[in-house]
Structures are given as C-alpha cells and as structure tokens.
Amino acid sequence: MTMIAYPPKPSPGDRVAVISPSSGLPGLFPLPHELGLRRLREEFGLEPVEYPATRTMDSTPAARAADVHAAFADPSIKAVIASIGGGDDQITVLPLLDRELIRANPKPFFGLSDNTNLLAYLRNTGIVGYHGASVMVELGRPGAMHPQTADSLRAALFTSGPYELRPAERFNDVDRDWADPATFDREPPSRPGSGWSWVNADRVVEGRTWGGCLEILGWLLMADREIARDPAEYDGGVLLLETSEELPSAEEVFRTLRNMGERGLLGRFSALLMARPKTWSFACPNSPEEGARYAAEQREAVLRAMRVYAPEATIVFDVDFGHTDPQVVIPYGGTVRVDGPARRVTVTY
C-alpha cells in the first residue's frame, strides 16, 4: 500500500508557484488570471511566482513538465497552484515527470479538472494533493471570491486538521465572457441550492480519497496510467467524482462507471461524494429546467452503476466541489469522514 502523507503547509508571506500544466489560458484571458494573482497577494498574503509556460498556449508537454519540476524543486516555493484545468492533454505530461524529484520535495498542489492527472500522480507518489481552487476560476471569480470558497481554500492552505463541509445555500454554474471587462464588475448571479442528497446513509465511513474529474479518470483508465496496480489500494476509501463543462451524457457517465466496476475498482470504495454537476456551457446554454433534467439524468446513471457494482456504498450527491460555484477544496489522497446518520462530511486538511 502506498504511504501517503500531507506535505508541509505555506504561511502568509511565502512564495507559491503558479503553473499551467494543463493549458496556457492565462495568455488568452489575462483578466481573471491577473485578478486571481492579486487576490493571492492581497487576500491570502502569498507571493505568486509564475513559470515560463504559465501564459503560453500550446506549450509542449516537456515545457510544462519542466515547470512542474522547477516549482517542486525550488525550496523557496511552499505550494503549487494551477492557473486552470481547461485543457485535455495533461496525461501526456505525466510520463515526463521525475517521481523521485517530486517525492523528495513534497508540496501542496491545488488544481482540478484536467489536473486530475497530476493529483492522481501525486497520490501514487505518496503526497496528498488538493482538488480545487484554480487561479483563473475560483481566485479570479468576478466581483469577489465566494466566501465559502475562500474559507475552504484558506483552511486548506494554512491549517491542518478537520474541516466540516456544508451545503451551499445558493450556487451558480453559468459562465460569462472572460474577454469582456464588464464581466468582472459584479458577482455572477446565483440560484437556490437544494442541499445534499444521501443514499445508504446508515453508516459512518472514513477513508482516503481518490477520483476527480470523471472524463479524465476515463482517459487514465484507457491509458492504464496512475491507476493502482493492486485495487486493494482503494479498499474502504472515498471516491470523488465530478463532471466538466463538456457536459458528458448520462450514458457516458454510466459507461465510465461500469468500466470502473468491471475493472474491480468501483466496489472497493465505501463512499462516493458526487459533485453537483455543471449543467451549462457556452456550447450548451441550458435553461434552468434543462439543466435540472440533465442533473437528474446524471444522478440516475450514477445510481444505475452503483446498484450493480457498489450497492452498499454511501453516496452523497450535489457536494459543492468541482465545476461549481461555490467550490470547496477536497484533499486528494487525504482523509474524508462521511457520517450518514448525522448527514455530515468532514475533510482533513
């Protein structure tokens, strides 16, 4: 079994790396990126340090791997934060990474979406990562950071110990144009949340997490990359799943989970935290009613697979992580406690 440990935390005043291991979108959309950098300085007291490929679109996997190595190897850098996860080829960076260099220099890494690749890599290297909190999206949110997001990120960055998650009273998943300066004049609109939904909530589960963005997990499974050789690695763990702005169909979600089940993975987990799905994109601008239907179909697809492969697992739907606003940070490879009778979820930062 892989021995997984929490890396040392930064303190206010420390330098933190900002890298783009997935996509150099800061070069196309500097407004949210610059806003996120400013908030790191002014609201979190950290000094962001950008690396060469951070604002470079179509940078090579080798260039991005070099930035990862430089960020982890520099002793003055105390954490590493992804600019964004909005790419689709971070899987090509993984073979170029030096696992021993990174293992010798453990640091907190924050990212999501395509950064599921690096989070899974770090877990297999023995380092707890953090699913969430990219510079452009969460730190660069128009108007202000959402208080729930900011509180979670602050706790994950600077503290160690339990942190209880709570359902968001209101949420948003509709994007606005980052190229338009007017986008940043006000906070995005929100609508009422419906809380979490529980299945098999008659037990308490505590275990280490694995998972991330479902689409990326599917690619890792197809490439047979960063998946534990011994499925027992995941026994009793908590599976994290979220879907992206590509809005995968319910059938695609089911088939990915089915394949995880056929591989002997799905039944290993004692609990599943399923994020509130993103239901809107520029390519598919669903109405609230259409979005609700999409979310309901996805939920049924998840239940359909879980009934077959993990019928006794505790499931919590619509947890506020992944491609949603607000967004809480979940430790990746760290410990999560899912208390069904009390309807509480507590992460350990």
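## A pair of strands to start with

Which residue in strand 4 is the bridge partner of Ile81? It's Phe110. That pairing belongs to a spot where strand 3 (residues 77-82) and strand 4 (residues 109-111) run parallel, joined by two bridges. Keep in mind that you're looking at a predicted model.

## The sheet around them

Zoom out and you'll find an open sheet of six strands, in the order 2-1-3-4-5-14 and with mixed pairing. Strand 2 (47-50) and strand 14 (330-332) sit at the edges with a single partner strand each, so one side of each has no neighbour in the sheet. On average, neighbouring strands here are turned by 30° against each other, ignoring direction.

## Salt bridges across the chain

Searching the whole structure turns up 25 salt bridges. One of them pairs Arg15 with Asp74, with the closest N and O atoms 3.7 Å apart. Arg15 is in strand 1 (residues 15-19), while Asp74 is in the loop between helix 2 (61-73) and strand 3, 59 residues apart. Arg15 is partly exposed at 33% relative accessibility, and Asp74 is partly exposed too, at 21%.

Another pair is Glu251 and Arg304, whose closest N and O atoms are 3.5 Å apart. Glu251 lies in helix 8 (residues 250-262) and Arg304 in helix 9 (residues 288-309), so this bridge ties together parts 53 residues apart in sequence.

## A buried pair and a network

Asp320 and Arg276 form a salt bridge as well, with 2.7 Å between the closest N and O atoms. Both of these residues are buried. Elsewhere, Glu34, Glu50 and Arg55 are linked in a network of salt bridges.

Notes
Residues are numbered from 1 along each chain as its sequence is written. This is a predicted model: local features need pLDDT of at least 70, side-chain atom pairs count only at pLDDT 80 or more; totals for chains, interfaces and linings use all residues. Side-chain values use heavy atoms; hydrogens and water are left out. Two strands pair if DSSP finds at least two bridges between them. Helices (H or I, at least four residues) and strands (E, at least two) are DSSP runs, numbered from the N terminus. Axes are lines fitted to C-alpha atoms, for helices over the stretch in contact, and angles run from 0 to 180 degrees between N-to-C directions. A salt bridge is a side-chain nitrogen of Lys or Arg within 4 Å of a carboxyl oxygen of Asp or Glu. Buried means under 20% relative accessible area, exposed over 50%, partly exposed in between (1.4 Å probe, protein chains only).
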